[in-house]
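Subject: Structure for you to look at, with notes

Dear colleague,

Here is the structure I promised to pass on to you. Please open it beside this message, so that you can find each place as you read.

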Amino acid sequence: MKSRVIARLSVPLLLAMAMIGVSPAAGATGLRPSPADTVLDRALRRFVAFRGGPPGIAVVVHRGEEVSLHTAGVADVATGARPQLDDHMRLASVAKAFSGAAALAVVADGELSLDTTIGDRLATLPAAWSKVTLRQALNHTSGIPDFSQTSAFREALFASLLVAPPPIKLLSFVADQALEFPPGSRYKYSNSDNIVVGLMVEAATGRPYEEVLRERVYDRLGLTRTSLPRGAEMPTPYIHGYEVEPLDDVSELFAAGWSWASGGIVSTPRDADRFVRGYVAGGTTDAATRAEQLRFVTGGQSEPPGPGENAAGLGIFRYQTTCGTVYGHTGNTPGYTQFVAANADGTRSTTVSINAQITPKSDRAGFTFLRSIFSLAVCAALAK
């Protein structure tokens, strides 16, 4: 397994140097400090010092026209560099929001319907899946088993970390399995759903999914440093992703094609913020389709859970917090955990990025702390 192991002895010194303060990134407009900003800053410093915490954390807080990047710790333990607004990183399952943006753009343009079925567009997929609709794939009520949870997928991944199969092959790992429940009858998060969404977009448009993303998502929302690569190499500069104990750089461990439309997007804090503001405000679709997007399945929880009470829409989650309601997505993959959210009109937003994978299963205490930071970031974004 290709990875770079960083000497542990250098880490405490680098972290100590990096945690001296929290400041806006170069080129950003500094926010007028609010009490919520101060509370957030303190929490970030405590989090990177927490046992099992990440080497670094970057939080974008965007209120109206004012944007600031709050950081603690480092983006690269070898150099001590701190996270910057234009550093690249893996967005993990936030890529599912991008597949939602692409699909809802194609729906608005009349090339797909939310009621289009797998049988209508992807006849080569299992007949048992044929009645699953685009709507059900987008809000995780399809019943299609999650390919990434199978032993066959894991064996294939570790046998070929740097070369991924074509996207449709990802579904072959569950092609012989029955649906887990009748489509539309319940919620269950599945990485297979967004592979289906990407393939339906390709079938409807007759163009590669990556091209549709560029034209109908990146270009429309002004994203200049976002891509969906197939390989493992990261564009520079980038925030290095780590396994924490023992410390190991896993930034380029496996090809992004192994998760494709479900988790392969590479972006930056600046672009992630632009994306969620535009996406939540309906910048890639029309009013009628957006209204359908914002019909929520109560209890539909993002993976990992977002702040407050979660509910699932079409390629989007609603997070009802003590400071207000925001909409967005979370994600986690080896080396990275992400949260992006905005209020309904896209005028207030936040993104939280850490360079380690921390989940309720891997580290309950650490994730509880991180989830509290998600809430503090929302409170800072919505502050008066």
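Predicted model: local features only at pLDDT ≥ 70, side-chain atom pairs only at ≥ 80, totals over all residues.

Helix α9

Helix α9 covers residues 209-221, and at 1.5 Å a residue its 13 residues should span 18 Å, which agrees with the 17 Å that separates its end C-alpha atoms. Just after α9 comes G222, which takes a positive phi of about 75°.

Which residues of α9 are buried? They are Y209, E210, V212, L213, R216, V217, Y218 and L221.

Two of its neighbours

Two packed helices are described by the angle between their axes and the distance between the axes. For α8 and α9, the angle is about 85° and the axes are 9 Å apart. Because angles of 65 to 115 degrees count as roughly perpendicular, α8 and α9 are described as roughly perpendicular to each other. On the α8 side the contact is made by G198, V201, E202 and T205, and on the α9 side by Y209, E210, V212 and R216. Sorted by class, the residues of this contact of α8 with α9 are three nonpolar, two polar and three charged.

How do the axes of α3 and α9 cross, and within what distance do they come? They cross at roughly 90° and come within 9 Å, and α3 and α9 are therefore also roughly perpendicular to each other. Here α3 contributes F98, S99, A101, A102, A105 and V106, while α9 contributes Y209, V212, L213, R216, V217, Y218 and R220. The contact of α3 with α9 holds 10 nonpolar residues, together with one polar and two charged.

Places to look at in the backbone

There is a cis peptide bond from E245 to P246, with omega near -5°, and P246 is found in the loop between β5 (242-243) and β6 (248-249). The peptide bond from E303 to P304 is cis as well, with omega near 5°, and P304 lies in the loop between β8 (297-298) and β9 (309-312).

H140 is not a glycine, and yet it has a positive phi of about 60°; you will find H140 in the loop between α5 (134-138) and α6 (151-159). Is H140 buried or exposed? Its relative accessibility is 3%, and since buried means under 20%, H140 counts as buried.

W260, which is not a glycine either, has a positive phi of about 45°, and its place is in helix α10. W260 is buried too, with a relative accessible area of 0%.

One last residue

V48 is found in helix α2 (residues 35-49), and with a relative accessible area of 5% it is buried. Between V48 and V326 there are 25 Å in space, C-alpha to C-alpha, and the two are 278 residues apart in sequence.

How values were computed. Residues numbered from 1 in each chain as written. Heavy atoms only, no water. Helix = DSSP H or I, 4+ residues; strand = E, 2+ residues; numbered from the N terminus. Expected span 1.5 Å × (residues − 1). Buried < 20%, exposed > 50% of the residue type's maximum accessible area, 1.4 Å probe, protein only. Axes fitted to C-alpha atoms, helices over the stretch in contact; angles between N-to-C directions. Parallel < 35°, antiparallel > 145°, perpendicular 65-115°, else oblique. Contact = heavy atoms within 4.5 Å. Nonpolar A, V, L, I, M, F, W, Y, C, P; charged D, E, K, R; others polar.
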